[in-house]
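Visitor: Hi! Could you walk me through this structure?
Guide: Happy to. Here it is.

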Amino acid sequence: MVECAGKRILIDCGMYQGSHELDEENSQPFGFDPASIDYVLLTHAHLDHCGRLPLLAKRGFHGEIITTAASRELARLVMLDAAHLQEEDARYRARIAARGSSAGHAVAPLYSVLDALNSFDHFGRTAALDEPIEVADGVRATFIDAGHILGSASIYLQLTESSQQSTVLFSGDLGKSGGPLLCDPAKPPAAANVVMETTYGDRLHKPLGPSVEEFYDAVTDTFRRGGNVVVPTFALERAQELLYFLSQGIDHGRLTKSTQVFVDSPMAISATEIMQRHLDSLQPEIAKLIRDGNDPFHFPGLHFTRESAESVAINNIPGGAIIMAGSGMCTGGRVRHHLQHNLGREDSSVVFVGYAAAGTLARHIIDGAKEVEIFGERIPVRARIYTINGFSAHADQADLLAWQKQTGAKRTFLVHGEEESMRSFATHLGNTRIDLPEPNQVFEL
Ligand SMILES: [Zn+2]
């Protein structure tokens, strides 16, 4: 939260993701009065950035939410999905509690679908990239391409209060250069203060090319064994990127023409449609391909399964299918059914292509668990497990350092990373004062 010239401005309002303890944290008070917030500037539509906007509105926020056109559409999708999942979870827990099991206790959803719908009324002005918006007297915001997911932006604030001026640049989540669909992150402006993410502050990614090859190898190996490839997929960006690589693989003969791909995620399907509506946010060559009808989101073996009956039918396919389903960290969604059916099969594979937070099912499997529990059933892990990290939608340590250097910031606040990652990243920064803020800590700029 930024306070300037009598206004209170939130940058993002996301949900904690990971274990059940974090679920509890989401319902805690915000640490400020939601009714006192005048504006929310939203960097992008991932759940950990927009997921508590409905709760903010439910608890009294009546200001304006400003974001890019694509983020607005994606946030709507993400928030509705989150509300729906919470309602389902609450119903499930209530059923268990009613049976008198000691493990279950009824919980109310954090917010309902109705709450999510209500919060959309607060979306106001739309930010165009690189065009300053006078948010309020003394507060000017410029959204800058962050190259992370469709519509994502860093936000540059020029602040004036009783003739004193300052600048703060919020990184949002930063993407990496050289991705197949989105433009590279834009060069950041000079800023006195920077608040930046450190998701991969302690790591370098493998390059993309070898990761794509690894992905093709995992698919062909698994098909040779007769199994399925389950890919827990984030619905935004990663799903569309993978479709692009699969269509390329088929075009270039790296995968057979008959490769069957199921996108078993209503959210990924909707996100793909939203991407097709925001061609201006894509690389010009990709936008042209889609305009000309040669897009990577259509090929003969590709099936979008929105209906749950279609989803269940996938389980009857004996082998030879690629199944992309959410959630990416396997904390919920249809992927858990596919894991239930395939984890115990030696001929199948699970390919992880994204970040997995500590405490999630995805992380347990990646860390080598021999057995996991899904829907109350113990399932041995016999499938081959691949972790391919070159697909990340996040900047790695080198990208983050280069970005920070370009800002010339005198003061750098590190956020949005696990503690180890932040501490490691801090040791690489020079010529800047570094802060690792605690929640609710206040700084004078
Ligand atoms: Zn993100």
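Guide: Let's begin with E237, which is buried at a relative accessible area of 3% (buried means under 20%, exposed over 50%, partly exposed in between, with a 1.4 Å probe and protein chains only). This is a predicted model, where local features need pLDDT of at least 70, side-chain atom pairs count only at pLDDT 80 or more, and totals for chains, interfaces and linings use all residues. Residues are numbered from 1 along each chain as its sequence is written, and side-chain values use heavy atoms, leaving out hydrogens and water.

Visitor: What is the phi of E237?
Guide: About 75 degrees, a positive value although E237 is not a glycine.

Visitor: OK, new topic: which residues coordinate the zinc ion?
Guide: H44 (NE2), H46 (ND1), H148 (NE2) and D173 (OD), at 2.2 to 2.3 Å. Donors are N, O and S atoms within 2.8 Å of the metal (3.2 Å for Na, K and Ca); water is not among the atoms, so sites may look incomplete.

Visitor: Why is the arrangement around the zinc ion irregular?
Guide: Because the angles between the four donor atoms run from 91 to 162 degrees. Four donors count as tetrahedral if all angles lie between 85 and 135 degrees; four count as square planar and six as octahedral if opposite donors are over 155 degrees apart and all others between 65 and 115; anything else is irregular.

Visitor: Where is the cis peptide bond?
Guide: Between G326 and S327, with omega about 5 degrees.
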